[in-house]
Amino acid sequence: VKYASPVLKFGKYKSQLISKFVEILQSDSYILGNEVHKFEKSFSELIGSKYGIGLNSCTDALTIGLRAAGIIAGDQVITSALTAPATIISILNSGAIPVIVDINSETKCISPKEIEKYINKETKAIIPVHLHGFPAEMQEIIDLCKENQIKIIEDCAQSIGATYKGKKVGTFGIAGAFSFYPTKNLSALGDAGALITDDYEIYKTAVTLRNYGIDQDWDIKIPGFNSRLDEFHAGFLNIMLADIENLNQRRWHYANQYHKELSEFNEYLPPLQEGSVYHQFSLKVPKREKFIAQAKQLGLELGIHYPFTMKSFTSFQKFCKPIPEAEKLSKKIVSLPIQPEVLDINFPKIVSILKRCLENQ
Ligand SMILES: *Cc1c(COP(=O)(O)O)cnc(C)c1O
């Protein structure tokens, strides 16, 4: 049993995807056309934000979000030690200095207490990462940012549709960044991303920055990027976007099922939390290597998100504050298959393998 298999998901939309491919092929418009505009509108409406900007990736969405928010070289941006390296890369690409702090081991997201320790007058932004589809502690983060005039840009790559106190993540700061990488909850057939915002100035600047920096006067006052979204990806995303609530619901269903079937191993399971979109369903097991090897032997592939912290990367080390909690957690976590299409076929088999492995923990 594979840990994840995007082709199983795409298979369900095959005929729609193929007709869309033919339609776009014949449209004579391949970049930033009708499909992109339609996607930007429906996506921002879905999350609950005024403007959407289709981009090449979430890495670019974060970089462009930071730049559009006025972050400049030398500014400090605080973020989490347990994330995809893309989060740190986006800060470096913007010219700012990452300040990498520890997590709260309960939420696996950035710890507000740690943020507070490292705020100083150079701190201009915070990027909370809603890891595994669980929202970070936004109220505490918002309070800190208000007090210190710091901007929030959310990394929602793993948390499309997740809610915190009933409101979707991506709408708490001045901008939210999303990824549609093939294994994310909503996916393109390649790289794609988006930024959302309620702020018209940020929207205008982001639209300019994604297209080399060319503005309304056909001038380039601030050099930008090539981070445009293709019509094909936007067209495919429009098809899958119509189904995202259902896709997330089915992840929730299986998180619930795992809790039912593995209730005797409750201490290892992630919380059953309304508002999470279960991008990952991640156990904490004390003897991880043994657990993974045994599962593999019984025919089950597992994942780890992540087996590293940001301190594991040579060029990021100098930006890391002490991060003991992230380091501890990264040695214990292991991700079960949670993609609904994989579980639809294999759930009973997966559960029986897991029970055998967990009994040996
Ligand atoms: C996937 C991911 C990214 C990067 O997204 P890309 O679209 O690949 O640039 C950033 N942050 C987190 C938390 C991610 O999971």
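**Helix packing and burial**

Guide: The crossing of α3 and α9 is left-handed. This is a predicted model, in which local features need pLDDT of at least 70, side-chain atom pairs count only at pLDDT 80 or more, and totals for chains, interfaces and linings use all residues. Residues are numbered from 1 along each chain as its sequence is written, and side-chain values use heavy atoms, with hydrogens and water left out.

Visitor: What makes a crossing left-handed?

Guide: The near helix is turned anticlockwise from the far one by less than a right angle; if clockwise, the crossing is right-handed.

Visitor: Why is α3 called oblique to α9?

Guide: The axes of α3 (residues 34–47) and α9 (residues 231–241) come within 8 Å and cross at roughly 40°. Angles under 35 degrees count as roughly parallel, over 145 as roughly antiparallel, 65 to 115 as roughly perpendicular and the rest as oblique. Therefore α3 is oblique to α9.

Visitor: Why is α9 described as largely enclosed by the rest of the structure?

Guide: Buried means under 20% relative accessible area, with exposed over 50% and partly exposed in between (1.4 Å probe, protein chains only). In α9, 10 of the 11 residues are buried, so this helix is largely enclosed. Among the buried residues are His233, Phe236 and Met240.

Visitor: Which residues of helix α5 are buried, and how do you know that they lie on the same side?

Guide: In α5 (residues 85–94), they are Thr87, Ile88, Ser90, Ile91 and Ser94. They cover an arc of only 155° around the axis, which puts them on the same side of α5.

Methods:
Helix = DSSP H or I, 4+ residues; strand = E, 2+ residues; numbered from the N terminus. Arc of directions from axis to C-beta. Axes fitted to C-alpha atoms, helices over the stretch in contact; angles between N-to-C directions.
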